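Subject: Structure for you to look at

Hello,

Here is the structure I promised to pass on. Please open it first, then read the notes below.

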Amino acid sequence: MPFADPIRRIPARATTSAALADGLPTPRRYAAVAALCFGTALVIIDGGVANVALPTIARDLGVGSSAVVAIVTVYQLMLVMLLLPFAGLGERIGLKRLYQLGQLIFTIATLLCFFAKSLPFLLVVRAAQAVGAAGALAVASALIRQTYPSAQLGRGLGINSVVVSSSAAAAPTIGGLVLAVAPWPWVFASAIPFALASLLLGRALPDAPPRDRHFDGYGAVMCAAMFGLVIGGAESAVHGDSPVVSAAIVLLGVAVGAIYVRRERVTANPILPVDLLARPVIALSTIGGFTAFVASMTLLLSTPFRLTHEYGFTAAEVGAAIAPWPLTNMIVAPLTGWLSDRVPAGLLGGIGMSVSIVALVLIALMPADPSYFDVAWRMALCGSGFGTFLPPNARLIIGSAPRERAAAAGGLVSTVRLVGQTTGATLVSALLAAGVGAGAAPPLVSAGLALVAGLCSLARLRPSVRDARGGEAEAAQPATVR
């Protein structure tokens with residue numbers, strides 16, 4: 001094995017803080033990057049591969065279509081609830097340890113899918129999978145920061161974005177191929193090879209000593225409850241039959257959140273990173289990232305309905321028309337990640353959102369009888385805009401945080417992505433329920449959200465925002481184009 005000797009000569013626990021400050025040496029770095037890529041792929045694939053199998057699972061388990069959707073929502077909700085608490089736990093027990101423990105839990109839970117003979121048992125297994133996935137995802141960005149030299153952080157996050165995009169694009173194809181030759185439990189098992197590869201290569205991951213600090217279990221429970229109640233209540237408002245109960249759940253979540261935020265503001269090591277959000281550059285990046293993810297998910301989920309109902313596209317034509325989005329992202333994300341090490345993230349983000357706004361307006365104003373090319377080039381243009389915005393935005397959040405709070409910053413990035421995507425899905429459901437979700441309204445709403453993201457990005461170019469804390473933000477992004 002080509003990495004065996006270098007890894008053996010550099011014991012994980014012997015890694016010094018100075019070495020971690022400038023990334024891992026090669027070729028150990030390459031093994032660590034491969035481990036992180038496999039770990040990211042398994043989380044993304046497992047989150048998307050289940051969608052294809054839902055009709056088959058509903059038939060085999062004898063449940064309704066509306067009930068079987070819980071297989072997806074339980075997984076997503078558990079991820080959102082656990083990411084920030086697990087980021088805090090990773091700082092306490094060690095990032096590498098939590099990352100690999102999460103993958104081990106995921107693998108064991110996946111094997112239990114073969115014993116699922118009822119929907120309740122399968123939901124418990126999916127929740128366990130989400131626990132493992134959250135453990136890995138919560139600390140992945142912090143491990144990326146420790147793996148790459150600081151001057152190449154944007155490049156590393158760009159590569160990670162490519163893995164996310166390509167895994168999301170490949171998940172439906174993988175699910176369909178597996179279902180064609182095997183029963184539905186093998187759909188979930190398709191991610192196990194990625195987990196095993198990541199575990200085997202994970203010996204090369206950076207292993208900085210854990211921080212000697214108390215883990216706030218009560219705060220972790222409150223954090224999970226806040227996200228669970230607000231997002232669960234919003235989902236039930238769209239899909240349930242009792243708006244009053246749904247509103248009560250959301251209000252309870254808001255009340256818990258208000259109490260929790262006040263408590264976290266006086267906590268030394270908060271689970272909810274209010275200390276990081278107090279920094280203007282991180283706050284603006286978080287708001288911009290959230291609105292960008294809501295905008296992208298709103299468009300991606302509503303477009304199939306519009307292409308099918310308004311323009312008469314077949315399912316295969318819909319998939320082919322949307323495919324240029326992730327394919328363009330695979331090209332643009334590493335390029336913008338590389339550029340973010342040389343060009344201010346505020347400038348890149350402003351350019352990216354300007355391109356996306358133009359593309360979204362063009363999508364809303366498509367001709368009455370569009371061809372495949374009419375849709376495809378607009379989707380490619382829009383995807384390139386979001387691909388230009390998101391990697392530099394993530395780099396700035398992670399790079400602007402103190403190194404000892406890198407796990408919290410990484411958890412914040414992942415939480416913003418998942419909450420934004422979940423909010424976008426809920427928004428599309430609401431637009432469809434209102435009768436305007438299959439027309440020009442969703443891309444116009446997305447354009448408005450992209451405008452907010454672009455303004456937040458450009459605001460980061462102000463000197464008072466860039467260097468609000470004596471060079472911290474300045475160290476995370478170049479002041480001028482190199």
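**What lines the second largest pocket**

By class, the second largest pocket is lined by 14 nonpolar, 4 polar and no charged residues. Here Ala, Val, Leu, Ile, Met, Phe, Trp, Tyr, Cys and Pro count as nonpolar, Asp, Glu, Lys and Arg as charged, and the others, Gly among them, as polar.

Before going on, two notes on the source. This is a predicted model, in which local features need pLDDT of at least 70 and side-chain atom pairs count only at pLDDT 80 or more, while totals for chains, interfaces and linings use all residues. Residues are numbered from 1 along each chain as its sequence is written, and side-chain values use heavy atoms, with hydrogens and water left out.

Back to the pocket. It holds about 420 Å³ of space. Its lining has 18 residues, and the closest to its centre are Met226, Phe227, Leu272, Thr415 and Val419. Four helices each supply at least two lining residues: helix 11 (217-239), helix 12 (243-264), helix 14 (280-309) and helix 19 (406-433).

How a pocket is defined: on a 1 Å grid over the protein atoms alone, a pocket is an open set of points where a 1.4 Å probe fits, with protein on both sides within 12 Å along at least five of seven lines; lining residues have an atom within 4 Å of a point. Grid points are joined across faces, edges and corners, and the volume is the space filled by probe spheres set on the points.

**The fold and its cores**

The protein has 22 helices and 0 strands. Both are DSSP runs numbered from the N terminus (helices: H or I, at least four residues; strands: E, at least two). Of its 482 residues, 54% count as buried. Buried means under 20% relative accessible area, exposed over 50%, and partly exposed in between (1.4 Å probe, protein chains only). Among contacts with a separation of 6 or more, 83% join residues 24 or more positions apart. A contact means heavy atoms within 4.5 Å.

The largest nonpolar core has 96 residues. Tyr99, Phe227, Leu307 and Cys382 have the most contacts inside it. Helix 7 (residues 119-147) gives the largest share of this core, 11 residues. Another core lies apart from it, with 22 residues, including Ala58, Ala116, Leu119 and Val178. Such a core is a set of buried Ala, Val, Leu, Ile, Met, Phe, Trp, Tyr and Cys residues joined through side-chain atoms within 4.5 Å.

Phe227 also belongs in the pocket story, as one of the residues closest to the centre. Leaving aside neighbours within four places in sequence, Phe227 contacts Leu77, Val80, Met81, Leu84, Gly232, Thr415 and Val419.

**Single residues**

Phe305 lies in helix 14. Is Phe305 buried or partly exposed? Phe305 counts as partly exposed because its relative accessibility is 33%. Beyond neighbours within four places in sequence, Phe305 contacts Glu310, Leu432 and Ala438. Phe305 and Gly439 are 134 residues apart in sequence, but 8.3 Å apart in space, C-alpha to C-alpha.

Ala315 is in helix 15 (residues 315-322). At 71% relative accessibility, Ala315 is exposed.

Ala170 sits in helix 8 (residues 153-181). Ala170 is partly exposed, at 28%.

Cys113 is buried, at 0% relative accessibility. Cys223 is buried too, with a relative accessible area of 0%. The disulfide count is 0, by the rule of paired cysteine sulfur atoms within 2.5 Å.

Best wishes
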